[in-house]
Amino acid sequence: MPPERVFNAERFLTERRRKGLKQPAAGKFLGVSVNQVSRYERRLLQPPPEKLPAAAEFVDLPLDELAPRPGLPDLRDLRCDAGMQLRDTPRFIGTKSTVPVSTAEKGVRRLHPDFVAPLAKAYGVSVEELEAAQERSFGNPVPDVGREASPPAGSQGTPRTLAEKITYLLDETYAPANRPTDAELSRKGNAKAGVILLSEDLVRRLRTGETETADTDVLGALAAALDAPQVFFTSENPEEAARIVAGIRTVALGVMAARGAGEKPLNDEWLDFIARSIEDIIGDQGGPAERP
């Protein structure tokens, strides 16, 4: 079995504090108790390997930076890097049992060929990489076959929670170096709403999931700060949300591609154009927050 990833407890603690994030929020994000988070940070307990991707996402670090791996991954490593427990795997290969995956991870019996492609897709890797990892599970040294670029965490599918939606809008509208701070979003939302509804701390808590809901006026100000229709935050209809997501992705990425991705942040004129385009896509399904 290849060496597991090595969790950098000091880096996690430093980044958490630097971003103003609290242990209870970390515990909620990772699905563990506050006491466990404290033990992780004091190096009294190593996080389960399937929790490491979430830990990296929480403090906004690449997984390989927060928890580097000394060697090449086997099948179990790929599963853990996808943030999955063994019990999560049957639904991807169409079985009711974990046995096909567990026996392959233990080097007892290789995966059925029909399971290879769907499992590779679920793990976010190529078929070649999964097959190489399987050989390592059986003790056969296989060199690195090269990993396909994976989309950022949270970018696949429809964002469901308020925190996921905020992160989605930030990721799709701004280059990483130009993302607005929580304080900047607070100021912009209050300016557009014409009243003080947001604070830097409230925006941070909503963005990280520490606070899961907010009233309609707050959501309207937050939507205005992010140049998005308010219905994107308030809709509980997955199909409607998916249409909004598709509109944001199509228009925002199209604009950024035309300008040269990552060169400069989109200015207010472009952001307002995106917002109006999304409103056209939504039609009469829900009104966005009014713009002053």
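Predicted model: local features only at pLDDT ≥ 70, side-chain atom pairs only at ≥ 80, totals over all residues.
Three aromatic pairs were found in a search of the whole structure. For phenylalanine 7 and phenylalanine 12, the ring centres are 5.7 Å apart and the planes stand at 50 degrees, so this pair is classed as tilted. Phenylalanine 7 has a relative accessibility of 8% and counts as buried; phenylalanine 12, at 2%, also counts as buried. Through ring pairs, Phe7 and Phe12 are joined with Phe29 and Phe58 in a cluster.

Helix 3 spans residues 34–41, and its buried residues are Val37, Ser38, Tyr40 and Glu41. These residues lie on the same side of helix 3, because the arc that they cover around the axis is only 160 degrees. Their cover includes helix 1 (9–18) and helix 2 (23–30). After helix 3 comes arginine 43, with a positive phi near 60 degrees.

In helix 10, which runs over residues 127–137, the buried residues are Glu129, Leu130, Ala132, Ala133, Gln134, Arg136 and Ser137. The packing partners of these buried residues are helix 6 (75–81), helix 8 (99–105) and helix 9 (113–123). Glycine 139 follows helix 10 and has a positive phi, near 80 degrees.

Key. Residues numbered from 1 in each chain as written. Heavy atoms only, no water. Buried < 20%, exposed > 50% of the residue type's maximum accessible area, 1.4 Å probe, protein only. Helix = DSSP H or I, 4+ residues; strand = E, 2+ residues; numbered from the N terminus. Contact = heavy atoms within 4.5 Å. Arc of directions from axis to C-beta. Phe/Tyr/Trp six-rings, centres within 6.5 Å; stacked < 30°, edge-to-face > 60°.
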